[in-house]
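Please look over the model below before reading my comments.

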Amino acid sequence: MTTSTFVKLDGIAKRWNGQLGVEGITLDIPEGSFTALLGPSGCGKSTTLRLLAGLELPDEGQILIDGKDVTTSAASDRNLSMVFQSYALFPHLSVAENVMFGLKVRRVPKQERLEKLHRALEITGLLGYEGRKPGELSGGQRQRVALARAIVAGQRLCLMDEPLSNLDAKLRNAVRKDIKKLQRDLGITVVYVTHDQTEAMSMADTVVLMKDGHIQQVGSPEDLYSRPNNTFVAEFVGAPPMALIESTALEGFGDDKTIGIRAENIQIVPAGTGRMRCKVNESEFLGAETLIGLDHDGTSGLCVLQPGLSLMPEGDEVEINFDDGNLHVFDDAGKRLAG
Ligand code: ADP
Ligand code: MG
């Protein structure tokens, strides 16, 4: 992957009648990278993508694509393709006609259209389906048609807004891998919107985590997981989420901090040897491991993972231990302190 910036958002803000969409969005997106815009519903992911696409105009800030200022350019002048949650396929057109629709509109010669179609269907595993109508395809195949359509557009930048949320879990996993492979093979720059942290963490080189119209953290999946900027990031990224403990519940941390700890860093230990005494509040078999939820005053989301099937009765008392080196310390505003 190269590190030269392909897309630049600088101080972007968008409001509707004073109501905030996004604010202070500044981002450098390297060429050939996969960037995920992640966050809960309403945090401004789609707004950011639509601003980048030219479907909305910002109130403040500047947008550059490939070094060119496109802040006020029409969507059609931005040289990008888009894939949305709803496939937006024409129901009365065949797979081939749907994929080639844009090329036809742009009066690309027929021979070239057919070559591009063949290549796109090959890449998306849709050869043989040319003549089918969208109604004769599964959800996953329809999403592939939408991908094929984006591929034939031949643009170096592709924007995707929750393209997999209509698919069932198994299919979502498969298409996730397809998209990732496509992006790598074609070397295109993808900006991908999702509210699903697993999706963002598994696909993206860079994750941009947003909340209430503002960026909370930009980094690799590993950065966000192991060095969350604040308690929001700590709780949003990772499954199970990081547990948060009031510093007063632990010795030596003062009384105005929040301490974070992940399940994999907590051990259940024999009585009399632990740092904290807890009560089991739930026990959930996940397959390879069992998640044991724990209650203790001043904590939220405390849990521990035990190998295999190891359910524990609700209400049981256990003691837990953890190393200081695995703790994350946040100030009274929830901001990460050094370490
Ligand atoms: P996300 O995609 O992260 O779920 P959106 O970007 O769609 O969130 O929305 C961000 C915020 O902007 C929300 O509060 C939403 O209500 C608001 N918003 C989005 N589009 C419009 C619009 N066209 N008019 C008014 N408010 C909007
Ligand atoms: Mg959205």
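1. Conventions. This is a predicted model, in which local features need pLDDT of at least 70, side-chain atom pairs count only at pLDDT 80 or more, and totals for chains, interfaces and linings use all residues. Residues are numbered from 1 along each chain as its sequence is written, chains are lettered from A and ligands numbered from 1 in the order in which they are written, and side-chain values use heavy atoms, with hydrogens and water left out.

2. Helix α4, geometry. Helices (H or I, at least four residues) and strands (E, at least two) are DSSP runs, numbered from the N terminus. Helix α4 covers residues 139-152. The expected span is 1.5 Å times one less than the number of residues. Just after α4, G154 takes a positive phi of about 65°.

3. Helix α4, burial. Buried means under 20% relative accessible area, exposed over 50%, and partly exposed in between (1.4 Å probe, protein chains only). Eleven of the 14 residues of α4 are buried, so the helix is largely enclosed by the rest of the structure. Among them are V145, L147, I151 and R144. The buried residues pack against β6 (80-84), α2 (95-105), α3 (110-123), β7 (157-161) and α5 (169-186). Contact here means heavy atoms within 4.5 Å.

4. L121. This residue lies in helix α3. L121 counts as buried because its relative accessibility is 0%. Leaving out residues up to four places away in sequence, L121 touches V95, V99, L126, L127, E130 and A148. A148 is itself one of the buried residues of α4.

5. Oxygen atoms of ligand 1 lie 2.5 Å from a side-chain N or O atom of T47, 2.8 Å from a polar side-chain atom of S46 and 3.2 Å from a backbone N or O atom of C43. Taken alone, ligand 1 exposes 560 Å², of which the protein buries 62% (Shrake-Rupley, 1.4 Å probe).

Methods: A polar contact is a pair of N or O atoms within 3.5 Å; within protein, one must be able to donate a hydrogen and the other to accept it, and residues adjacent in sequence count only if both atoms are side-chain atoms.
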